[in-house]
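Subject: Structure for you to look through

Dear colleague,

I am handing over the structure below, together with some notes on what was found in it. Please keep the sequence and the 3D view open while you read.

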Amino acid sequence: MRGSFSENGGKVDEHTLFGIASNSKAFTSAALAILMDEGKLTWDDKVIDYIPEFRMYDPYVTEAFTIRDLLTHRSGLGLGAGDLMFWPDSSNFTMKDIIHNLRYLKPVSGFRTKYDYDNLLYMVAGEVIERVSGKPWEVFVEERIMKPLGMNRSAGSYSRLADKVNVIDAHAPVNGKVQVISRDMFRFGYSAGGINSSVADMSKWVMMQLNRVSMGRMVANSCSARNGRPICGARKPFFQ
């Protein structure tokens, strides 16, 4: 790897930590798969069974909405609906607000008819994980996925990093030149994009996906097949 990671000229290496953004969503799916393997939920459980205050704009959608639907970007909401409630980080919304305000977001397509990328429902998925496991999403992912894989420098959020020495600075174009800027900080909803990790650590996650051995039944079985069909990590099978 080449290039500088800080305004002081620090060099990027395989251990430099980056915010992996929405790659965090795959960890959320895996965490739900772990809970499914433990018999604590199923993909087709209703969200309101775990979060009774959950509401979508349409009452029918509220009643029908499943754990699977949280992950498939086909809720009927438009692209990035509601994102301004958590990004940029100058907003003062809370996770409670996110759950409550979903009911006011009007759909732009029929339920389960069209793909539109979203973040808020992955935040709700993280809330399901917390309510079922009794642990915040970031703690559950660190303990049940990162630690077993030896992802020892990674964390569920920037604030939870044990070592912030070799961490990328935030950059953006300013007046036509890429410069270091203030770090945008998630305060909640890490399950949609909060993980910080390195190439060295993420390679362990990828090898687990390729080999299906490091975590055994904890992740691989639920994410790889159900009645012989993939249900995690690929878009099309969710629609079958």
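**What was found**

The accessible surface of the chain comes to about 12100 Å², and 52% of that area belongs to carbon and sulfur atoms; such areas come from the Shrake-Rupley method with a 1.4 Å probe, and for residues only the protein chains shown count as cover. Please bear in mind that this is a predicted model, in which local features need pLDDT of at least 70 and side-chain atom pairs count only at pLDDT 80 or more, while totals for chains, interfaces and linings use all residues. Residues are numbered from 1 along each chain as its sequence is written, and side-chain values use heavy atoms, with hydrogens and water left out.

Of the 240 residues in the chain, 48% are buried, a word that stands for under 20% relative accessible area, with exposed meaning over 50% and partly exposed in between (1.4 Å probe, protein chains only). The secondary structure comprises eight helices and four strands, taken as DSSP runs numbered from the N terminus (helices are H or I, at least four residues; strands are E, at least two). Read from the N terminus on, the elements follow the order β-α-α-α-α-α-α-β-β-β-α-α.

Strand β2 (residues 171-174) pairs with strand β3 (residues 177-180) in the antiparallel sense over four bridges, where pairing requires that DSSP finds at least two bridges between two strands. Within this pair, Pro173 has Val178 of β3 as its bridge partner. The two strands, β2 and β3, form a hairpin with two residues between them, and Asn175 in the turn has a positive phi of about 55°.

Helix α1 (residues 24-37) and helix α5 (residues 120-133) have axes that come within 10 Å and cross at roughly 35°; axes are lines fitted to C-alpha atoms, for helices over the stretch in contact, and angles run from 0 to 180 degrees between N-to-C directions. Among the residues that make the contact (heavy atoms within 4.5 Å) are Leu32 of α1 and Ile129 of α5.

Finally, why does Trp87 count as partly exposed? Trp87 does so because its relative accessibility is 47%. Trp87 lies in the loop between α3 (67-71) and α4 (95-101), and its C-alpha is 8.3 Å from that of Asp184, although the two residues are 97 apart in sequence.
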